[in-house]
Structure formats: C-alpha cells, structure tokens
Amino acid sequence: MVRWLVCSIALGLLIGCTRTIGEDDVFLPWMAEGTQFSVTDDDDAVFVANRARDGLFEEMGLKIEDTSVPTTIGSLAVRHVLSPEEDVPLFVYCGGNSYDIPSHGELVTWKVAQHGDLLLWDYPGYGASQGEARVEDFKLAAKDLAGEIESFRRDTAQPVVFWGHSLGGFVCSELAGTTPGAAAIIYEASAPSSEAAITGAVPWYARPFVRAELDPVLLDFESVNALNGEKLSALVLGARKDRVLPVKLSRRLRDDLEAAGHAVSYHEFRKSNHFNIGFDKQLQTVVGSFVATL
C-alpha cells in the first residue's frame with residue numbers, strides 16, 4: 001500500500017505532484033510470494049516458523065485441513081484449524097495486502113489458534129485462490145464466504161470472531177456484517193477506511209507537495225459502515241511505532257466504532273510496529289481477556 005510513497009514524496013518535494021492510488025497499488029499478491037516469514041523482520045517470527053516445521057502445532061494438539069470454498073469468482077483456498085479445547089470461538093482471519101496462507105499461515109496459526117478454532121483464507125488472486133485481486137472480486141468472494149462460514153462452526157452456539165490485520169480490517173468488516181453468528185471483531189494495526197489509510201500514510205512534511213487521490217473504486221472500503229449496523233464487541237489493537245498505518249488511525253477507528261454504538265476495547269502496544277505487533281508479549285493476554293468476555 002505504501003510502496004509508492006517513497007518515490008512520490010521524493011519527487012513531490014522537488015516539483016509537487018498528485019498521485020492516484022489504484023487497485024494495483026493496494027492489492028499486492030506478488031509480494032507474498034517468496035517472502036515467507038521475512039516480512040515480519042522479527043526474531044520471534046523466525047522462531048515460530050522453525051518450531052512449526054518441527055511439530056509445534058502437533059504439540060499444541062491442532063488439527064489442520066486445507067480445502068477450498070466455491071464462490072461466484074471461483075474457488076477460494078481455505079485452511080481450517082481445530083483447537084483441542086472445548087467451548088472456544090471460531091476465528092476468521094483476514095490478512096494484509098501482501099498476505100497469503102503459504103507465506104504467513106503458520107505465523108497466523110500460532111498467533112490466533114491459542115484462543116480457538118481458526119479459518120484462514122486467501123483473497124481472490126492470492127495464493128491458490130481463483131479470481132483477481134480487485135475490489136469487485138473481493139466483495140463477491142466475501143459475500144459468498146460469509147454464507148459458507150456456518151459449515152466450519154462446531155455448532156450454532158459457537159461464536160464467530162473476525163480478526164483483520166491492516167487491509168484485513170476492511171475485509172473482515174465486510175464479512176462480519178453479513179455472517180450469521182458474528183459476535184466480535186478484532187482490528188490489528190488497521191484503519192477506519194481505505195481513504196483514511198492512504199491519506200494517513202503521507203507524512204506531514206510531504207503533504208504540501210504530495211497529494212494522494214484514491215481511485216473511486218476503492219472508496220467503498222469503510223470498516224464501520226460495512227458492519228451494516230450489527231452491534232459487535234470490538235477490540236482495536238494499535239502499534240505505537242507503526243509507520244505503515246500510523247497509530248492515530250487505530251485511535252480514530254476506536255472512536256468511530258464507539259460513536260456507532262459498538263462495545264469497544266482498545267490496547268496500544270508501545271514498542272510494536274505494523275509487522276511485529278502480533279508477537280508483542282502482551283498480545284496474547286489482551287486477546288485472551290477480550291475473548292473471555294464473549
């Protein structure tokens with residue numbers, strides 16, 4: 001989402017410019033390929049990756065099945081992770097714009113499956129999913145996937161919790177607003193909308209010189225509106241050192257959710273950035289306390 005900023009700012013400081021941000025700037029399936037674990041730039045991530053290959057998930061008692069879900073735009077690759085624990089939620093995870101299961105599935109499994117069952121999925125055009133990395137395909141796929149989530153629940157009493165990182169906050173909002181059984185949503189280093197994410201990513205010193213305009217097709221990504229009035233419990237996780245989606249966007253998202261009548265919990269991690277927030281030593285405690293209230 002921000003690869004264009006460095007060049008745009010450098011040029012803009014010299015001559016001034018307007019940069020139109022389109023779908024190819026936001027959806028980056030090519031970036032996930034071959035970047036397994038390295039994008040976190042975090043020793044803990046490498047440790048987890050190595051442990052996963054050495055049988056970590058077997059030790060945790062997890063059962064993992066890779067399958068697919070049919071949708072209007074073709075099949076979506078999904079991974080279903082079953083916890084050995086009883087009476088746990090089903091988490092539906094939505095990754096960032098360079099996420100897919102082959103590159104980050106093990107890290108997300110470690111992060112989330114400590115709290116319950118887990119459903120991972122690759123966006124259209126990502127990983128093994130069909131379709132194209134475009135807004136239209138995203139929305140069609142999300143609508144169809146929402147209808148299929150029921151088949152992954154243990155029973156109708158199992159609460160469904162959506163967990164979106166970065167871009168995934170917008171996508172999970174689309175799902176949560178149309179999924180029966182939706183109980184809660186977690187926003188990790190995300191933003192109120194795609195428009196806020198783009199404008200918030202331009203540093204203050206560059207704003208007189210660089211103007212970012214969003215392709216109208218992307219303007220429909222707005223977290224609170226996408227919930228369609230469903231009153232959910234929400235946990236917003238902000239990273240103080242986030243340079244991709246500055247923490248002020250997480251704070252604004254918290255305020256927007258509260259104004260819309262959602263029950264919101266907020267936690268800000270002082271030492272974390274956009275990529276390693278999932279490995280902050282406080283995260284599991286914060287999420288565990290939130291899940292216990294559902």
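Which residues of α8 are buried? They are Gly168, Gly169, Phe170, Val171, Cys172, Ser173, Glu174, Leu175 and Ala176.

## Basis

This is a predicted model: local features need pLDDT of at least 70, side-chain atom pairs count only at pLDDT 80 or more, and totals for chains, interfaces and linings use all residues. Residues are numbered from 1 along each chain as its sequence is written, and side-chain values use heavy atoms, leaving out hydrogens and water.

## Helix α8

Nine of the nine residues of α8 (residues 168–176) are buried, so the helix is largely enclosed by the rest of the structure. Buried means under 20% relative accessible area, exposed over 50%, partly exposed in between (1.4 Å probe, protein chains only). Helices (H or I, at least four residues) and strands (E, at least two) are DSSP runs, numbered from the N terminus.

## Salt bridges

The count comes to eleven salt bridges, each a side-chain nitrogen of Lys or Arg within 4 Å of a carboxyl oxygen of Asp or Glu. Glutamate 268 pairs with arginine 240, with the closest N and O atoms 2.5 Å apart. Glutamate 268 lies in strand β10 (residues 263–269) and arginine 240 in the loop between β9 and α11, so the pair ties together parts 28 residues apart in sequence.

Glutamate 268 also meets arginine 251 in a salt bridge (2.8 Å, N to O). Arginine 251 is in helix α11, 17 residues apart from glutamate 268. Glutamate 268 is buried, at 17% relative accessible area. Arginine 240 is partly exposed at 39%, and arginine 251 is partly exposed at 31%.
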